[in-house]
Amino acid sequence: MEDFRYYTPTRYIFGRSAQHNVGKLSSELLGSKVLLVYGQGSAKKSGLLDQVENSLKEYGIKFFEFGGIKPNPADGPVRLGIDLCKAEGITGILAVGGGSVIDTAKAIATGVMYDGDFWDFYCGKAVPQRALPIGVVLTIPAAGSEGSGNSVITKEEGLVKVSIRTEYVLRPLFAIMNPELTYSLPPYQTACGIVDMMAHILERYFTPSKGTEVSDGISEGLLKAIIKEAPLVLKHPDNYDARANIMWAGTLAHNGICGCGKIEDWASHGLEHEISALYDVAHGAGLAVILLAYMRFMLKHKPERIVMFANHVLDVHGEDEIEIGEEGIDKLERFFKSIGMPTTFKELGIENPDIDLLVKKVHQNKGEVFGAYYPITSQVSREIYIKALKGN
């Protein structure tokens with residue numbers, strides 16, 4: 001097991017009607033002037049935004065609406081948000097939505113406290129040292145951004161999609177989580193979220209670190225719970241317990257607990273970010289395609305953790321480890337298909353992906369070699385993208 005530090009300051013307020021606590025928590029933790037960041041209208045249509053604003057008014061908090069955040073969030077709105085915060089003397093940021101909204105809120109929060117261009121943090125020129133306090137009302141369980149110190153933003157010029165990871169600076173101070181708010185999510189969006197949270201766990205599970213039985217056990221338990229609950233939540237969208245388990249799994253997948261004592265991988269995310277940056281596909285759907293291709297490559301080159309996943313999570317047994325791994329990957333593919341996820345570029349809606357460009361961009365952004373479980377060179381990334389094209 002590797003040495004580690006684990007810090008999570010986030011207060012989780014989980015359960016029915018949890019959103020009615022937002023005014024009290026904001027008054028305690030976000031201050032008197034709040035930037036209210038949300039998406040493209042679902043929070044307004046559902047009445048959630050009215051509930052949030054009424055709660056803020058009850059506690060005398062002045063708020064400024066900042067809506068219209070799109071999936072695969074871009075740098076343009078971040079810059080506008082930073083300018084608004086500086087002009088109005090904003091004291092805290094409240095994100096109402098899913099990962100794209102929360103990641104935008106985080107980028108604004110750290111950009112306000114920085115004299116230079118916020119993109120310096122994302123391109124590696126600077127490291128975030130401070131940020132405005134952030135609160136979250138979660139509506140989409142997927143990205144886990146409500147409990148992490150991470151943020152992903154796409155720079156529209158050049159379509160550069162990269163992330164920053166902070167130990168504590170960008171972790172929300174509170175996350176309000178009511179599973180009832182997810183009842184109306186479309187099945188495809190629900191399924192994309194399920195794959196995203198599974199990928200966050202697997203990025204920690206695929207590790208070169210040894211002696212990590214506790215973290216591995218947590219990861220395996222979460223993966224098995226997600227696979228068990230996923231069909232139920234899609235068949236019965238208003239099943240509270242199924243929604244609750246999926247929502248909480250998404251948070252635990254990415255708040256760091258699964259990575260304690262491990263060197264984390266993050267190769268699959270790096271490979272997928274180029275797909276969603278270039279082709280504007282749903283991140284979770286892109287991950288479904290890349291994860292299968294990544295695992296098929298690794299089974300031939302470093303099978304240990306692929307076989308372990310097949311055995312411990314998918315209950316695949318046998319004498320030959322390659323056969324175990326192959327059946328495990330096939331079983332995972334069947335699961336993805338059963339929840340409506342694509343498994344190849346073509347199913348993702350990309351008939352002729354520019355693999356040369358994908359390879360070029362991923363190594364421009366991630367370096368000549370990246371990945372902790374196995375070194376991802378340009379030859380390896382090309383092979384994985386080709387497997388994603390062929391589906392085997």
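Reader: Which helix does Ser 276 lie in?

Author: Ser 276 lies in helix 10, residues 267–279. Helices here are DSSP runs of H or I with at least four residues, strands are E runs of at least two, and both are numbered from the N terminus. The model is predicted, so local features need pLDDT of at least 70 and side-chain atom pairs count only at pLDDT 80 or more, while totals for chains, interfaces and linings use all residues. Residues are numbered from 1 along each chain as its sequence is written, and side-chain values use heavy atoms, with hydrogens and water left out.

Reader: Why is Ser 276 called buried?

Author: Buried means under 20% relative accessible area, exposed over 50%, and partly exposed in between, with a 1.4 Å probe and protein chains only. Ser 276 has 2% relative accessibility, so Ser 276 counts as buried.

Reader: Which residues does Ser 276 touch?

Author: Contact means heavy atoms within 4.5 Å. Leaving aside residues up to four places away in sequence, Ser 276 touches Asn 72, Lys 161, Val 281 and His 283.

Reader: What makes Asp 75 and Arg 79 a salt bridge?

Author: A salt bridge is a side-chain nitrogen of Lys or Arg within 4 Å of a carboxyl oxygen of Asp or Glu. The closest N and O atoms of Asp 75 and Arg 79 are 3.3 Å apart, so the pair qualifies. Both residues lie in helix 4 (residues 75–88), four residues apart, about one turn of the helix. By this rule the count comes to 17 salt bridges.

Reader: Are Asp 75 and Arg 79 buried or partly exposed?

Author: Asp 75, with a relative accessible area of 7%, is buried. Arg 79 is at 29% and is therefore partly exposed.

Reader: What does the salt bridge between Arg 296 and Asp 330 tie together?

Author: The two side chains meet at 3.8 Å, N to O. Arg 296 lies in helix 11 (residues 283–301) and Asp 330 in helix 13 (residues 321–338), so the pair ties together parts that are 34 residues apart in sequence.

Reader: Why is Val 169 called buried?

Author: Val 169 has a relative accessible area of 15%, so Val 169 is buried. Val 169 lies in the loop between strand 7 (160–165) and strand 8 (174–177).
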